Amino acid sequence: MAAAWIPALCLGVCLLLLLLPVLASSQGAGVPIAITCLTRGLDIRKEKADVLCPGGCSLEEFSVFGNVVYASVSSICGAAMHRGVISTSGGPVRIYSLPGRENYSSVEANGIQSQMLTRWSTSFTVTEGKSAAQEVTGQAVSTARPSTGKRQKKTPDKKAGNKDCKADIAFMIDGSFNIGQRRFNLQKNFIGKVALMLGIGTEGPHVGIVQASEHPKIEFYLKNFTSAKDVLLAIKEVGFRGGNSNTGKALKYTAEKFFTPETGMRKGLPKVVVVFIDGWPSDDVEEAGIVAREFGVNVFVVSVNKPIPEELGMVKDVAFIDKMVCRNTDFFTYHMPNWFSTTKYVKPLVQKLCTHEQMLCSKTCYNSVNIAFLIDGSSSVGESNFQLELQFAANIVKMFEVSDIGAKIAAVQFTYDQRIEFNFNDYNVKENILEVISNIRYMSGGTATGEAIAFTMRSVFGPVRDSPNKNFLVVVTDGQSYDDVLGPAAAAQDAGITIFSVGVAWAPLDDLKDMASKPKEEHSFFTKEFTGLEALVPDVIRGICSDFVASQQ
């Protein structure tokens with residue numbers, strides 16, 4: 001009898017062993033969850049899950065932070081494509097949740113450029129999903145409300161944001177020991193409310209955060225998040241650093257490093273820094289305020305817990321607010337008595353940040369000038385030296401923000417005759433201008449600098465006489481002019497054109513002084529060799545910016 005049931009028992013055990021992998025698969029990963037292109041890692045609240053990415057996702061839809069290990073605010077499908085797990089056709093993906101980390105790197109892979117993020121509390125990684133499990137049941141993971149059967153009202157496009165408040169804004173938060181951990185958290189809550197009311201979106205304001213303490217730290221950039229929801233999550237993740245209140249150091253760093261095309265700055269929009277300061281700075285802020293104004297940054301100061309009379313002796317500079325802001329007016333300053341019950345202060349601050357016509361520091365020497373180059377093409381220059389003249393002009397152009405609403409560039413070559421190489425309104429893209437400059441053909445001939453100045457004033461600056469930009473003429477010459485330069489130069493200056501004269505080799509110093517605007521020594525330059533032109537580029541740029549800033553006072 002015993003021998004009879006042994007084969008049957010063996011058969012049952014063998015069948016069970018064969019079925020175990022299938023049962024494990026069914027009970028473990030199961031049928032993959034259908035997700036959307038925008039579903040993020042933090043939307044899947046499991047340690048391990050199989051998901052199914054749809055096909056046809058646009059690469060522009062993805063926000064991906066990191067490489068191999070991704071911040072959980074990243075798109076799952078975007079991360080999977082970045083990792084090479086799936087293609088644009090979609091497919092199954094297995095996601096594993098991981099702890100948060102510092103410094104998610106920015107890497108381009110498989111057509112997707114991931115972004116850098118300094119810190120996030122949770123992460124994930126992705127691998128290939130089970131290819132056998134392609135069936136999908138249920139609905140895609142989404143935050144949308146289920147249909148009620150009623151006709152839905154049209155709602156504004158929240159993704160686009162508040163188009164009437166387009167600006168690039170850095171919140172420079174106080175992370176010093178002055179504020180402490182508790183008030184630091186209250187500060188973050190207030191900034192979150194401001195961010196929410198601003199109407200952040202793809203076509204609205206973009207924001208980032210810099211923490212000021214012993215050393216400045218950019219917590220996230222303008223390009224990292226374009227929805228209020230993600231910004232609020234990112235603000236929540238910012239940790240308290242502590243240290244001295246080196247506000248000046250942080251402001252200078254922000255003005256120089258935060259607003260770049262690589263970090264998400266958009267051309268033609270106001271650049272704004274909102275400085276939150278609890279108490280007073282530990283360092284000097286005057287230089288930082290000057291740098292911010294030179295870079296066209298509108299600095300607002302939100303002060304909390306101002307020093308009382310008994311504390312003024314400890315303050316390095318009692319006028320620190322006036323020296324930081326864009327202009328010493330009430331518009332750029334805002335005061336709150338403390339960090340408690342701050343909701344009533346949110347709307348007035350947002351209204352200031354969205355009143356762009358009062359952003360007086362948005363115009364800068366880099367985006368609000370018309371610069372014409374008058375280039376000597378006479379026989380004494382020679383072909384090789386003429387190329388050095390062109391390179392000199394190109395190196396100056398590289399520093400300016402050329403656009404249809406920004407800086408404008410023109411070039412005229414002169415001998416006895418004059419030839420407009422291109423006019424102010426011919427090109428609005430810097431790269432195009434640089435290409436045209438490099439291809440200018442050398443004329444060769446005599447030298448009539450005075451007549452060339454008169455021609456340029458009439459034919460180049462004449463059509464833009466109503467332009468809001470400040471006009472500059474950079475004259476490059478290597479020899480004695482056969483005609484008078486003083487009269488034409490004076491006429492051009494009377495017409496509002498600032499002249500910089502740059503002489504090489506045999507150019508008479510008297511001619512250079514006669515052409516240059518006042519003060520003469522700041523607007524005339526000389527070098528013995530054409531190779532010395534390169535060293536003069538920073539001086540000319542500095543002179544243009546100095547004149548521009550002076551004209552705005």
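Asn 110 lies in the loop between β6 (108–109) and β7 (112–113), where helices (H or I, at least four residues) and strands (E, at least two) are DSSP runs, numbered from the N terminus. Although Asn 110 is not a glycine, it has a positive phi of about 55°. Asn 110 is exposed, with a relative accessible area of 52%; buried means under 20% relative accessible area, exposed over 50%, and partly exposed in between (1.4 Å probe, protein chains only).

The model is predicted: local features need pLDDT of at least 70, side-chain atom pairs count only at pLDDT 80 or more, and totals for chains, interfaces and linings use all residues. Residues are numbered from 1 along each chain as its sequence is written, and side-chain values use heavy atoms, with hydrogens and water left out.

**Further backbone features**

Ser 444, in the loop between α10 (430–438) and α11 (449–461), has a positive phi of about 75° and is not a glycine. Its relative accessible area of 36% makes Ser 444 partly exposed. The peptide bond from Lys 518 to Pro 519 is cis, with omega near -10°. Pro 519 is placed in the loop between α13 (509–515) and α14 (520–523).

**Overall composition**

The secondary structure of the protein comprises 15 helices and 20 strands. Of its 553 residues, 50% count as buried. Among contacts (heavy atoms within 4.5 Å) with a separation of 6 or more, 78% are between residues 24 or more positions apart.

**Disulfides**

A search of the whole structure finds four disulfides, a disulfide being a pair of cysteine sulfur atoms within 2.5 Å.

Cys 53 is buried at a relative accessible area of 4%, and Cys 77 counts as buried at 1% relative accessibility.

For Cys 165 and Cys 354, the torsion about the S-S bond is about -80°, so the disulfide is left-handed. This pair also connects distant parts of the chain: Cys 165 is in the loop between β8 (117–128) and β9, and Cys 354 is in the loop between α8 (346–353) and β15 (369–376), 189 residues apart. Cys 165 has 0% relative accessibility and counts as buried.

The link of Cys 365 and Cys 545 is right-handed, with 70° about the S-S bond. Cys 365 lies in the loop between α8 and β15 and Cys 545 in helix α15 (residues 533–551), so the pair ties together parts that are 180 residues apart in sequence. Both Cys 365 and Cys 545 are buried.

**Helix packing**

The axes of helix α3 (residues 180–198) and helix α4 (residues 228–237) come within 10 Å and cross at roughly 170°. Axes are lines fitted to C-alpha atoms, for helices over the stretch in contact, and angles run from 0 to 180 degrees between N-to-C directions. The crossing makes α3 roughly antiparallel to α4; angles under 35 degrees count as roughly parallel, over 145 as roughly antiparallel, 65 to 115 as roughly perpendicular and the rest as oblique.

On the α3 side, the contact is made by Lys 188, Ile 191, Gly 192, Ala 195 and Leu 196. Helix α4 contributes Ala 228, Val 231, Leu 232, Ile 235 and Lys 236. By class, the contact of α3 with α4 has seven nonpolar, one polar and two charged residues. Here Ala, Val, Leu, Ile, Met, Phe, Trp, Tyr, Cys and Pro count as nonpolar, Asp, Glu, Lys and Arg as charged, and the others, Gly among them, as polar.

In helix α5 (residues 247–257), the buried residues are Thr 247, Gly 248, Ala 250, Leu 251, Thr 254 and Ala 255. These residues lie on the same side of α5, because they cover an arc of only 165° around the axis; the arc is that of the directions from the helix axis to the C-beta atoms. The buried residues of α5 pack against strands β9 (168–174), β10 (206–212), β12 (271–278) and β13 (297–304), and against helices α6 (286–294) and α7 (320–324).
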